[in-house]
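Here's a quick tour of one model, a few spots at a time. Have the viewer open and follow along.

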Amino acid sequence: MRAAKQATAVRREQIAAAALSIVASQGVPALTVARVARLVGLTPSALYRHYTGKADILGAVLDLFRSRILGNLAAAGAAPNGLEAMHVVLMRQVALVLEFSAIPRVLFSEEVYSKEPALKAKLHDLLQSLVAGLAGLVARGQGEGIIRRDITPQSGALLLFGTFQPCAMLWFLSGGTFDLAGAVAENWELFRKAVAAPAKEKR
């Protein structure tokens, strides 16, 4: 049973990656069960046994994003302190967008925002998980005495999120010519200086 579940998880990720490939080259409107099935080597009828349609496949894409984001947060746990952990998450998010250029197309598509309430709720949950994870890292840094204590973990998390999200949108809208990694690296330095605890607060 466990092997079957693992195989299903791998297949679901393959389908999500195929969907992202279609969206990257042709946009969300071009996403169909038949096209996804063809890319992963299945018949449409075989795919329909697992997915009810386009919205269900977009749900798999959001699940893939969530899995990668949680993986980024987990990887950051090995960083020496909360501030460095946030830097790890930030740069891994950049790498995620560069790997899957279709991410902004999916996240801001009409299907996710207005046509499918279940997808909108799933996206909300995904972003909430990211913010909660970042807030935990802010709290960790405050406990270590390296992040100022006059900000709430949530506000610190949202501030960090803001160093990345506008840059990702500019990168997407520019067709990839905007220097995403460079801009985020500069924003990180500003963020780090803004949230660093004054010398008298540090242990």
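## Thr32

Does Thr32 count as buried, exposed or partly exposed, and what is its relative accessibility? This is a predicted model, and in it Thr32 comes out at 30% relative accessibility. Buried would need a value under 20% and exposed one over 50%, so Thr32 counts as partly exposed.

You'll find Thr32 in the loop between H1 and H2. Gly53 sits 21 residues away from Thr32 along the chain, yet their C-alpha atoms are 7.7 Å apart.

## The biggest nonpolar core

Now for the greasy part. The largest nonpolar core has 64 residues, and the ones touching the most other members are Val36, Ile57, Phe65, Met86 and Val106. H4 gives the largest share, ten residues. In general, nonpolar side chains tend to be buried together in soluble globular proteins.

Setting aside neighbours within four places in sequence, Val36 is in contact with Ile15, Ala18, Ala19, Ile22, Leu31, Leu47 and Ile57.

## Asn72

Back on helix H4 (residues 54–76), have a look at Asn72. Its relative accessible area is 6%, so Asn72 is buried.

Which side chain does the side chain of Asn72 make a polar contact with? That partner is Gln93, at 2.6 Å. Not counting residues up to four places away in sequence, Asn72 touches Val89, Arg92 and Leu96 as well as Gln93.

How values were computed. Residues numbered from 1 in each chain as written. Predicted model: local features only at pLDDT ≥ 70, side-chain atom pairs only at ≥ 80, totals over all residues. Heavy atoms only, no water. Helix = DSSP H or I, 4+ residues; strand = E, 2+ residues; numbered from the N terminus. Buried < 20%, exposed > 50% of the residue type's maximum accessible area, 1.4 Å probe, protein only. Polar contact = N/O pair within 3.5 Å; in protein donor to acceptor, adjacent residues only side chain to side chain. Contact = heavy atoms within 4.5 Å. Core = buried A, V, L, I, M, F, W, Y, C linked by side-chain atoms within 4.5 Å.
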